[in-house]
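Welcome! Please take a look at the sequence and the 3D model below, and then we can walk through the fold together.

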Amino acid sequence: MAAFEMALGMCQLALAEVQAAQKQPLTREQISEKAAEVLEMPMFRASVNFEQLVASLEEIFTVWSNDPRALGSDEAHVPWLPGRRGGIDWRFWNRYRLYLIQEQKLPPAAVSNVEKLVDEVLGRLEDPLRSGPWDRRGLVMGNVQSGKTGSYTGLVCKAADAGYKVFIILAGLHNNLRSQTQIRLDEGFLGYKAVPPGEAGAGFEPVGVSRFGPGLRADSVTNRNENGDFRRAIAQNFAIHPGGNPLLFVVKKNVAVLRYLLAWIAHSSDASDPDTGRRYHRN
C-alpha cells in the first residue's frame, strides 16, 4: 500500500500541472500515459497495479466545477490583488492547499475552484494595507453541503497572508455547531487544537495543516470545547491585542456573545482619531 500511495502521489503532482494548464478534465489517455511512465520506475514495477492506479486517478482528475459568479459595485473600491499578488508570501494558503489535496483527498480541479472563489472574494475586499478610512462588505452564498466551510477557511488563510489580522466567524446558534466549526478552523487554519489552558491537549497540539507548514502561528480566542465561546470573563481578562499574529474568534450568533465581543473590541482599542475622538486599533 505504501508503494501504491507513493505512485499515486507522484502521478497527482504531475497531472495537476497538466490539468491546471489545459483548464479542463483530463482524458483517460492522459492519465494512463502518466501512470505508465511512473510505473516504469523499478520501485513500482512489481508492486503497483496499473489498472487500479488509473482508476484512482480517474476519480480525482475527471471532476470539474463551474467558475463562481459575482455581482457587485466597485464604488470607492480600489483594486489591489493583481498588483500585490506576486509580493505576498502565501504561507497559510499554501499549507491549506496541500492539506486539501493530500489529507482531504480533494481533486485538484476542486481545489482550483476553491482558489478561484477565494481570489474573487479576496479581491473584492479592500487591501488591508490601504491607508485611511474605508468600509467594504458583501455576501457570499452557497448551497447546502457545497463546501462553504472549506471555502471560507481558504479565504481566512489568504486574507491572513495578505495582512488581515482579525477573523470573526459567526457559527450558528448552538454550542455543538460552534464547536464543530472551531474544530474545522483548527484543522484548516490554526494547525493546532484550540483548547483551554490546563486541559488535555493544551500547548498547541499539532493537527490538520500543521504537517504541511510548521512554524506558522495564529491565535484563537475561542476554543473547541462546547463551552469555548467568547464570554464576559474572556473579554475582561484577554491580554492579546489585534495587530500581531492573526486572531481568530469562532462565536455563536447570540446577542450576549456579540455584545461581549463588541465591548472587548472597543475597550482594547489602542489609538484614537484626533479630530473625532473615535477609538480604533492600529495595524
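## About the model

This model is predicted: local features need pLDDT of at least 70 and side-chain atom pairs count only at pLDDT 80 or more, while totals for chains, interfaces and linings use all residues. Residues are numbered from 1 along each chain as its sequence is written, and side-chain values use heavy atoms, leaving out hydrogens and water.

## The whole chain

The chain has ten helices and five strands. Helices (H or I, at least four residues) and strands (E, at least two) are DSSP runs, numbered from the N terminus. Along its principal axes, the C-alpha trace spans about 70 × 50 × 35 Å.

Of the 283 residues, 40% are buried; that word means under 20% relative accessible area, with exposed meaning over 50% and partly exposed in between (1.4 Å probe, protein chains only). The chain exposes about 16500 Å², and carbon and sulfur atoms supply 52% of it. These areas come from the Shrake-Rupley method with a 1.4 Å probe, and for residues only the protein chains shown count as cover. Among contacts (heavy atoms within 4.5 Å) with a separation of 6 or more, 71% are between residues 24 or more positions apart.

## Helix α1

Helix α1 covers residues 2-22 and reaches 30 Å from its first C-alpha to its last, close to the 30 Å expected at 1.5 Å a residue. The expected span is 1.5 Å times one less than the number of residues. After α1 comes Lys23, with a positive phi near 55 degrees.

Which residues of α1 are buried? They are Phe4, Ala7, Leu8, Cys11, Gln12, Leu15, Ala16 and Gln19. An α-helix has 3.6 residues a turn, so residues three or four places apart point the same way. The cover over the buried residues of α1 includes α2 (28-39), α3 (50-61), α5 (91-103) and α6 (108-124).

## A three-stranded sheet

Three strands form an open, parallel sheet in the order β1-β3-β2. Because β1 (166-170) and β2 (219-220) stand at the edges with a single partner strand each, one side of each has no neighbour in the sheet. Two strands pair if DSSP finds at least two bridges between them; β2 and β3 (residues 247-251) have two bridges. Ser220 has Leu248 in β3 as its bridge partner.

## Arg211 in a loop

Arg211 sits in the loop between α8 (175-190) and β2. Is Arg211 buried or exposed? Arg211 is exposed, because its relative accessible area is 54%. Its C-alpha is separated by 8.3 Å from that of Arg95, although Arg211 and Arg95 are 116 residues apart along the chain.
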